Amino acid sequence: MLQAIDHLHDGTIGDVYMARALCYKWRASIGHTPVEAVPPGVNYDLWTGPAPLKPFTRNRFHYNWHWIWDTGNGDIGNQAIHELDIARWGLGVRFPVSVSAMGGHFMFDDDQETPNVLNATYYFDPATARAMARVKSGAGGR
């Protein structure tokens, strides 16, 4: 990866202006989980942090919290962010000046709130870098 990025930056393949970051990681339905008592030894209020303190369910706790809006943002912030970081590294850019995204929760009748299919386009300042990164993320929840 280091050699590939070096080649991008030294112009081996010319002017790189766009990268596609793909995350097609299958996620099965998280199903529906009932409200239950907080497990012994868990400080659920501390774990929840600034998010609204809602009744405890397994889908609001470890790992599945990614799929609940109060605590997560779906696979775009869970897995796809890693691919996006590599794309930004290759493009030589830092932070986008605008982002456009479209998607939704199209699969499964379950507790997941965040999109399980999402396309996002990131635009970077053309004065410093003529670049665009596209991210596709999906499908399902873990």
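## A nonpolar patch on the surface

A nonpolar patch, as the word is used here, is made of residues with over 30% relative accessible area and no salt bridge, their nonpolar side chains joined within 5 Å. In this predicted model, Met1, Leu2, Ile86 and Trp89 form such a patch, and together they have about 420 Å² of accessible area.

Let's look at one of its members. Met1 sits in the segment before α1 (2-9). Because its relative accessible area is 57%, Met1 is exposed.

## The overall fold

Stepping back, you will find four helices and four strands in the chain. Along the sequence they come in the pattern α-β-α-α-α-β-β-β.

Of the chain's 142 residues, 37% count as buried. The accessible surface comes to about 8600 Å², and carbon and sulfur atoms account for 58% of that. If you take the contacts between residues at least 6 apart in sequence, 59% of them join residues at least 24 apart.

In soluble globular proteins, nonpolar side chains tend to be buried together. Here the largest nonpolar core has 13 residues, and Ile76 and Tyr122 are those with the most contacts inside it. At least two residues of this core come from each of β1 (18-24), α4 (80-91) and β3 (117-123). The largest share, four residues, is supplied by α4.

## Aromatic pairs

A pair of aromatic rings is described by the distance of the centres and the angle of the planes. The chain has six aromatic pairs. In one of them, the rings of Trp26 and Phe108 have centres 6.0 Å apart and planes at 75 degrees, so this pair is edge-to-face. The two residues are 82 apart in the chain: Trp26 is in the loop between β1 and α2 (44-48), while Phe108 is in the loop between β2 (98-104) and β3. Trp26 counts as exposed, at 58% relative accessibility, and Phe108 counts as partly exposed, at 33%.

Tyr44 and Phe56 also form an edge-to-face pair, with 5.1 Å from centre to centre and 80 degrees between the planes. Since Tyr44 lies in helix α2 and Phe56 in the loop between α2 and α3 (75-78), the pair ties together parts 12 residues apart in sequence. Both lie under the 20% cut-off for buried residues: Tyr44 has 8% relative accessibility and Phe56 has 3%.

Technical notes
Residues numbered from 1 in each chain as written. Predicted model: local features only at pLDDT ≥ 70, side-chain atom pairs only at ≥ 80, totals over all residues. Heavy atoms only, no water. Buried < 20%, exposed > 50% of the residue type's maximum accessible area, 1.4 Å probe, protein only. Contact = heavy atoms within 4.5 Å. Areas by Shrake-Rupley, 256 points an atom, 1.4 Å probe, with all protein chains shown as cover. Core = buried A, V, L, I, M, F, W, Y, C linked by side-chain atoms within 4.5 Å. Patch = residues over 30% accessible without salt bridge, like charges linked within 9 Å, V, L, I, M, F, W, Y side chains within 5 Å. Salt bridge = Lys/Arg side-chain N within 4 Å of Asp/Glu carboxyl O. Phe/Tyr/Trp six-rings, centres within 6.5 Å; stacked < 30°, edge-to-face > 60°.
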